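Dear colleague,

Please find the structure below. My notes on a pocket, a helix contact and an aromatic pair follow it.

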Amino acid sequence: MSGEYKAGEGTEESREAERRDCRFFLSSTTVRGNVYSQACEKEMHNSIKAMDKDQCYKLIDEFCQELRGEASNDKAMVYILRMVNAVLLAGIDTKIDIDKLYPNGLKRVYDEIIEIIEPGRVRRKLKAMLIDPILAARSELLADNSYSMLQEIEMQIRESKGNITLSECAGALGVHPTYVWKVLKMEKGKSFMDYVEEYKLEEAIRLLLQTDLTVAEIAVRLNYTNAQNFIRFFSKSTGVTPGKFRKLY
């Protein structure tokens, strides 16, 4: 009979079991809904990688605003847990020690968050329990590893003869461009472009003083498209042309 009651159906115990099981389906691409965008996961990942707190907060705010339009609490819970997973996976991907960050285990994090459905409270909880501690850990990790990262950045610049962009350098090192930028600011007080130009100038001076290469050949070595561009760069940096510099020194 269609109206026949089935044991366990609709009971509080069965609903609670369903909530506990939600987390095992979070990576499924079958989950769809107007209030959840998978693109948001990628944006969150990039924002955490870049340590952009304002953007992380903005994404959480937008997510929770959209969450208000979801009538089903069960669906809302799935979307919330997906967002939690996205933030945690971004932290793991950026080498954060999750066990150290959450010594009482992630189960407690999930349990505290899934007890909340009201979007305003979810927003505050996601920021306080996930975004803030993960970004703080990222900042600490950056400080601890900045010197070794600086050496890797310098190697990339040397091997490319300075013919490398910030994005290319970051890509080669498997980090976000903002990470490279912050390391250079922290260790050298320079931007990436300033540091590359400093390398090119030092290398140009070395080649002028220690080799018999012509100015045009040095320009080629440093990956300038033509000698005039190199001469213009060198003159702007030193106040004299490469040829005159060689004669003076």
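The largest pocket has a lining of 13 residues, and those nearest its centre are Thr94, Lys95, Arg138, Gly174 and Val175. A pocket here is an open set of points on a 1 Å grid over the protein atoms alone where a 1.4 Å probe fits, with protein on both sides within 12 Å along at least five of seven lines; lining residues have an atom within 4 Å of a point.

This is a predicted model: local features need pLDDT of at least 70, side-chain atom pairs count only at pLDDT 80 or more, and totals for chains, interfaces and linings use all residues. Residues are numbered from 1 along each chain as its sequence is written, and side-chain values use heavy atoms, leaving out hydrogens and water.

H7 supplies the largest share of the pocket lining, 4 residues. Helices are DSSP runs (H or I, at least four residues), numbered from the N terminus.

Helix H7 (residues 119-159) also packs with helix H2 (residues 38-49), at an angle of about 40° and with axes 10 Å apart. Axes are lines fitted to C-alpha atoms over the stretch in contact, and angles run from 0 to 180 degrees between N-to-C directions. In this contact (heavy atoms within 4.5 Å), Met44, Ile48 and Lys49 of H2 meet Ile131, Ile134, Leu135 and Arg138 of H7.

The structure has 5 aromatic pairs (ring centres within 6.5 Å). Phenylalanine 234 and phenylalanine 245 form one that is edge-to-face (planes over 60 degrees apart), at 5.4 Å centre to centre and 80° between the planes.

Regards

Conventions. Helix = DSSP H or I, 4+ residues; strand = E, 2+ residues; numbered from the N terminus. Phe/Tyr/Trp six-rings, centres within 6.5 Å; stacked < 30°, edge-to-face > 60°.
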